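Thanks for coming. I will take a few minutes to walk through one structure, so please look at the screen.

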Amino acid sequence: SVHAYLPSATLRLKRSPGLGLFATTQVKEPARLTRSAFLTTILTVSSSLPANGFRGGSGAGGLGKTKPETGVVFLNEESTPTQQRNGDVSAELLVDNGKTPVLVLFNSPWPLLETTTDGIQTRNPQDPESAFVQVADTPSGTYTKQFFVDTIFGSQGKYGAYGAPSDISVKPIEEGLLYQVKFTSLTPAMRQSDREVYIGTRRVGSSTVMLVTGSTAARFAKMDDRMRRVAESFQVIPAPSSSLNKASV
């Protein structure tokens, strides 16, 4: 039979306040356990760990396990996004393979998240509503469902932290500028959540800059007008070539 070694004393877990880790009591003499007893002990210990113990970056509307890929590149280290008291958000980005500086503008009723590790995002942590910026390579033709799947709704995106979204349907509202998308994502508890978003799209050279704003399907239906106003406020303004600061590119 297979044996494993564990301390002969009762295994005790103790949270370290500073690190959020666990430490076990140490004893000098190990005891031999059967495989079944060893697995039982491991399962007992695992069940006591926090459910979000390995949670990393944040996703949209409170989702997030790993850092999402937004494609956002700020003009320089000082180009952090800002939000005015009236909700206007602005940020300077580099797009078009780093060749074109742009000013991104939109109005959001939700507060701007201070961290820039996930790009540009406004969200109230207590609610599922959010708005965030996504940058991707411009497709050769029109914007198709597959383009949005590859850039926003894949496992690498903000909605794919716990698995790629499914049941995705794309409805053009204003071809080339505004789209409405319904889809199903997974929550941290691995439950399905029906969601709905507006996506504003703006082309700059070889890049497409997008603003994605939405919520759960139930809340979206009640806030449709507000969501659309956020999406329609989206602007991307290329900087005049004469003002290009080559030192920051």
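This is a predicted model. I start with an open sheet of four strands, in the order E5-E6-E7-E14, with antiparallel pairing. At its edges stand strand E5, residues 82-83, and strand E14, residues 235-238; each has a single partner strand, so one side of each is left without a neighbour in the sheet. E5 and E6 run antiparallel and are joined by two bridges. Thr-82 stands opposite Ser-90 in E6.

Next, the core. The largest nonpolar core has 27 residues, and among those with the most contacts inside it are Leu-93, Val-104, Phe-106 and Val-209. Strands E6, E7, E9, E12 and E13 and helix H4 each supply at least two of its residues. E6 gives the most, four residues.

Last, helix H4, residues 224-232. Which residues of H4 are buried? They are Met-227, Val-230 and Ala-231. Seen down the axis of H4, the buried residues fall within an arc of 95 degrees, so they line one face of the helix. The face turned away from that buried side carries Asp-225 and Arg-229, which are exposed. The buried residues of H4 pack against helix H3 and several strands, including E7, E9 and E13.

That is the tour; I will take questions now.

Notes:
Residues numbered from 1 in each chain as written. Predicted model: local features only at pLDDT ≥ 70, side-chain atom pairs only at ≥ 80, totals over all residues. Heavy atoms only, no water. Buried < 20%, exposed > 50% of the residue type's maximum accessible area, 1.4 Å probe, protein only. Arc of directions from axis to C-beta. Contact = heavy atoms within 4.5 Å. Core = buried A, V, L, I, M, F, W, Y, C linked by side-chain atoms within 4.5 Å. Pairing = 2+ DSSP bridges.
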